[in-house]
Every structure is written in structure tokens, then in C-alpha cells.
Amino acid sequence: MSRHGGRGWHGRVLAAAVGVTAAAAATSMWTAQANPVEGQHTPAGSSAHSSAPNAGSKAPGGKPVSVDIAHASDRGARGVNITIDDGPDPTWTPEVLQVLRDNGVKATFCMVGTQAQAHPDLVKAVVAAGHRLCDHTVSHDTTMDKKSQAYQSQQILDAERMITQASGGVRPQYYRAPGGAFTPYSRQLAASHGMRPLGWNVDSKDFEHPGTGAIVATVKSEISNGPTILFHDAGGDRSQTVAALREVLPWLKQQGYSFGFPVR
Ligand SMILES: [Zn+2]
């Protein structure tokens, strides 16, 4: 995700965003991100509502995939979509997989291409457990909406290849722009490759290490925003994420939610 401090690509992106010219835009992005239902200047990825599906593009050999950003669950009104971003990571992905297994939950993993390439065993484990794959680009550049089409294409299609190769041929079914920095071009390109653009409704804020209790509280209070919930299995110590999932998944079940995948 975008506005996380910390290490690696996140740290570099944050450093860039703190520059004088970008500071105002970054602040407004953050505000809108935190209040997705209010709609003003809402980044595409975090919108609580998606418009009616456009005429989709044909996936290779498959049914048309809409270019609109998906938020809904294939399990309907009481469905929720657990989405896990930025991995795979050798320390945390196995732990997240264990919590999901213990709760009988299938999730969607938005993988960074280089991470997938470095850990093909983990990509295969995700697929073998019945989860779905999502393309989260090669470099996790949250300013991709400011970049050339050639750059966007390279980021999306190279990651698609890396993930598909690592999985042993299972293709990502979604594309999530880092930080929600979608463009009409990137949505069209992803859809034409059978990857539905994927947003989110609830940012658990787990990336910021707010404490397990705070992550759980955020999900409980914001689940009314919509069904797609964002967690992370990489980019730092994710022990709070793992602990929060252990609480949140049974709670969601008690509330009558069932776990599904984002619509395609
Ligand atoms: Zn991310």
C-alpha cells in the first residue's frame, strides 16, 4: 500500500511524497482514503461504490472482465473479501495462511512481482490452499497514475508474468494498483488480460502497527463501508496482522458474514 512508512519501496515512495510539491496532494489523498464513503476526491481504489459495469474486455480464452474497480463479494450482500497485499513473504505469508486455514477462509493475495519471483514455493502454497492471486505490479510504485503508459504496461504485465511463472501457470485474476493509483489505461490493460481491477472498502491500517486491538476495532467499525478488507503479509513485522486476523475472522463469522472473492 501507499502511505506506509518503513522500509523498501514504501520508504522510498514516502520519501518522494514528502517533497514540497507533492505534500498537499498526498495529504488530500490520505484524507479521502480515510473516508471512502464520503466520495470527494476519493482515489479510485478506495471508492465504496463502483459504477455499473462497463463493457468489459475479453480475457484470453475466458469471459469478459469488467474494467470497473471491483468491491463487491461473489457471496452477495453478507459476503466479505479478505485481501492480503504486498507479499509473499517467507516469514509472514505462512502465518497468514495458517490463520486462514484454521478459520476455513479463502482470501485474495495481491502479490508484488519480485516477491513472487523470489518465493515461488509460497505462491504455489497460496494457490494450493484455494486462494486467488492478484497482480500488485513489479515495483509497488504508488505514483503509477503519473507515469507513462509504457511504464504502467511494463509494471503490470511483467508482474503478471512473474506471478504466473512462480505459481506454475495459475494466472492472477485481479489487478490492484499500489495505493489505488489506477488509470483508465491500467484498468483497461488489466481487464484485457483477464485481471479485474480490485479496490477496497476497509483499510485495516495494519501496515502502521497500531496494535492488534486497533486493527480489530478498525475492521469492526468500518465493515459497514463495504465488503473488501485490506491486510498485509509483507513490508515489516506483521505479527499484529496475524493476531488481528485470529480475532476478526471468527467475529465476522459470528456476525453472519461469509467469506468470498471479489466479483470478476
Ligand atoms: Zn500494496
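At what angle do the axes of helix α8 and helix α9 cross, and within what distance do they come? In this predicted model, the axes of α8 (residues 212-222) and α9 (residues 239-254) come within 8 Å and cross at roughly 40 degrees. Axes are lines fitted to C-alpha atoms, for helices over the stretch in contact, with angles running from 0 to 180 degrees between N-to-C directions. The crossing of α8 past α9 is right-handed, that is, the near helix is turned clockwise from the far one by less than a right angle.

On the α8 side, the residues that meet α9 are Thr-212, Ile-215, Val-216, Val-219 and Lys-220. Their partners in α9 are Gln-240, Thr-241, Ala-243, Ala-244, Glu-247, Val-248 and Trp-251. Contact requires C-beta atoms, placed from the backbone, within 7 Å. By class, 7 nonpolar, 3 polar and 2 charged residues form the contact of α8 with α9 (Ala, Val, Leu, Ile, Met, Phe, Trp, Tyr, Cys and Pro count as nonpolar, Asp, Glu, Lys and Arg as charged, and the others, Gly among them, as polar).

The protein chain contains 9 helices and 10 strands, taken as DSSP runs (H or I, at least four residues, for helices; E, at least two, for strands) numbered from the N terminus. Of its 264 residues, 50% count as buried (20 or more other C-beta atoms within 10 Å; exposed, 12 or fewer; partly exposed, in between). Among contacts between residues at least 6 apart in sequence, 73% join residues at least 24 apart.

The loop between β3 (79-85) and α3 (92-103) holds Pro-88, and the peptide bond from Gly-87 to Pro-88 is cis, with omega near 0 degrees. Asp-86 lies in the loop between β3 and α3 and has a positive phi of about 85 degrees although it is not a glycine. Asp-86 is buried, because 27 other C-beta atoms lie within 10 Å. A positive phi, near 50 degrees, also occurs at His-209, in the loop between β8 (202-203) and α8. With 18 other C-beta atoms within 10 Å, His-209 is partly exposed.

The mean pLDDT (the predictor's confidence in each residue, from 0 to 100) of the protein chain is 84, and 77% of residues reach 70 or more. Over residues 1-44 the pLDDT is below 50, and this stretch has 54 contacts in the model beyond near neighbours in sequence. Residues are numbered from 1 along each chain as its sequence is written. Local features need pLDDT of at least 70 and side-chain atom pairs count only at pLDDT 80 or more, whereas totals for chains, interfaces and linings use all residues.

Conventions
Contact = placed C-beta atoms within 7 Å.
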